[in-house]
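Keep the sequence and the model open while reading.

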Amino acid sequence: MIILGFESSCDETGVAAVSTQRGLLAHALHSQIAMHQEYGGVVPELASRDHIRRVLPLAAEVLRKAGLSFADLDAVAYTAGPGLAGALLVGASVAQAFAWARGLPAIPIHHLEGHLLSPLLSEPRPEFPFIALLVSGGHTQLMRVGGVGDYELLGETLDDAAGEAFDKTAKLLGLGYPGGPALSRLAEQGDPARYKLPRPMLHSGDLDFSFSGLKTAVLTRSKSLQAEPGGMSEQARADLAAGTEAAIVDVLAGKALAALKQTGLNRLVVAGGVGANRHLRRRLEQALQARGGRVYFPPLELCTDNGAMIAFAAALRVQAGLADLSGTGHAFTVHP
Ligand code: KG4
Ligand code: ZN
């Protein structure tokens, strides 16, 4: 079965073709980062309009790259949520239009399920069950994944997501959007131990997270540094960035390891945009190696939002008998 998948939940338009037998056939992506940069964050209306401009050319590109025609498709898939309402509607409407035109089933996919299963797109594939650490701009969750469609939430953030913590502290330090990569780059020149920052809830005994206190601590510290004669030096900014990154990585790694201990599992999957963070990757690789376990990441270019993870999650749902393939003609909804 060949599935064409659409992702448009936020600031990336992604389209991909996946075969249930042969895996990923082709994918194409347009990132709106440059467009939103001057506003310091995603502007929802601009995002929706840009998805409209990009989605059909991207779909044509994917079909061309995969050597497919419209007639070769057996199903379509789309991100049904969570995300920006107007943005979600673009991918969902286009997918449904394709489906209605050819009488194909249209498979709605939860955005986080896409991220969660994306490490299975590359070798070595983790076997079920595993623990998933889902760290994106909107979510921070630890999950026990027993199989496709079998997800148990073990803990999640009570306030900001890990990506949000990166983005907001980056903004405080005068860095651009998206903050994660920018803060991480600045942190390379910094000393993570110079400023003591909190590791919220690291020892709370449960698997929940909280990052808003860290943001406040960085705000307080940067204000006092700015008030010094000469203002905040470049070195102080880099040190604060390094301290912030170290605090976020400490909490994420500490809780992920606690989840492995609690469940007796030894396989960890990391997904979502923050999974691109090099410090987090290194830390978890070392920790899992020390335990005789293994950590799995999606390929770097598939860490952030993309169409491949949506088409792929749909393919796995089809294989698991969890997709409704009864056809089209029913109304569709998105879940912002
Ligand atoms: O999964 P994603 O592309 O979109 C959502 O579904 O939210 O994640 C985006 C988030 C942003 O907060 C961004 O700052 C963060 O991932 N991010 C990073 C890195 N690359 C992206 N955070 C830390 N280090 C990175 N290298
Ligand atoms: Zn995402």
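Asp305 sits in the loop that runs between strand E10 (294–296) and helix H10 (308–319). The model is predicted. Asp305 counts as buried, because 26 C-beta neighbours fall inside 10 Å. Leaving out residues up to four places away in sequence, Asp305 touches Glu7, Ser9, Cys10, Glu12 and Gly14.

UniProt, in an unreviewed entry, gives the feature "binding site" at His111, His115 and Asp305. These residues span 195 residues in sequence, yet no two of their C-alpha atoms are more than 8.8 Å apart, so they gather at one spot. His115 belongs to helix H4 (residues 111–117). His115 is buried, since 30 other C-beta atoms lie within 10 Å. Residues up to four places away in sequence aside, His115 touches Leu134, Ser136, Ala271, Gly272 and Met309.

## A second set of annotated positions

Take Leu134. It is part of strand E6 (residues 130–135). Leu134 is buried, with 25 other C-beta atoms within 10 Å. Beyond its neighbours within four places in sequence, Leu134 is in contact with several residues, among them Leu112, His115, Leu116, Ala271 and Gly272. His115 touches Ala271 and Gly272 too.

Now Asp167. This residue lies in helix H5. Asp167 counts as buried, with 23 C-beta neighbours inside 10 Å. Its contacts, neighbours within four places in sequence aside, are Gly137, Tyr177, Pro178, Gly179 and Gly180.

## The shell around ligand 1

Which residues come nearest to ligand 1? Of the 19 residues around it, the nearest are Gly137, Gly163, Gly180, Gly273 and Thr304.

H6 gives the most, with four residues. By type, the shell around ligand 1 divides into six nonpolar, 11 polar and two charged residues.

## The annotated domain

UniProt (unreviewed entry) lists residues 24–312 as "domain: Gcp-like". The end C-alpha atoms of that span lie 7 Å apart. Its content is 47% helix and 17% strand.

## How H8 packs on H9

Helix H8 (residues 234–263) and helix H9 (residues 278–290) have axes that come within 10 Å and cross at roughly 35°. The crossing of H8 past H9 is right-handed.

Glu245, Val249, Leu252, Ala253, Ala256 and Leu257 are the H8 residues in this contact. They meet His279, Leu280, Arg283, Leu284 and Ala287 of H9. The contact is made up of eight nonpolar, one polar and two charged residues.

Is Phe209 buried or exposed? Phe209 is buried, because 27 other C-beta atoms lie within 10 Å. The residue is placed in the loop between H6 and helix H7 (212–226). Not counting residues up to four places away in sequence, Phe209 touches Thr140, Gly155, Glu156, Thr157, Leu158, Met201, Val251 and Lys255. Phe209 and Val18 are 191 residues apart in sequence, and their C-alpha atoms are 35 Å apart in space.

Met201 is in the loop between H6 and H7. It counts as buried, with 20 C-beta neighbours inside 10 Å. The cut-off for a buried residue is 20 or more. The backbone deserves a look here. Phi of Met201 is near 65°, a positive value in a residue other than glycine.

## Cis peptide bonds

What is the omega of the peptide bond from Glu123 to Pro124? The bond is cis, with omega near -5°. Pro124 lies in the loop between H4 and E6.

The peptide bond from Phe128 to Pro129 is cis, and its omega is near -5°. Pro129 is placed in the loop between H4 and E6. E6 is the strand that holds Leu134, and H4 is the helix that holds His115.

Conventions. Residues numbered from 1 in each chain as written. Chains lettered and ligands numbered in written order. Predicted model: local features only at pLDDT ≥ 70, side-chain atom pairs only at ≥ 80, totals over all residues. Axes fitted to C-alpha atoms, helices over the stretch in contact; angles between N-to-C directions. Helix = DSSP H or I, 4+ residues; strand = E, 2+ residues; numbered from the N terminus. Left-handed = near helix turned anticlockwise from the far one by under 90°. Contact = placed C-beta atoms within 7 Å. Nonpolar A, V, L, I, M, F, W, Y, C, P; charged D, E, K, R; others polar. UniProt positions renumbered as here; feature names shortened; annotations may be inferred. Buried ≥ 20, exposed ≤ 12 C-beta atoms within 10 Å, placed from the backbone. Near = placed C-beta within 6 Å.
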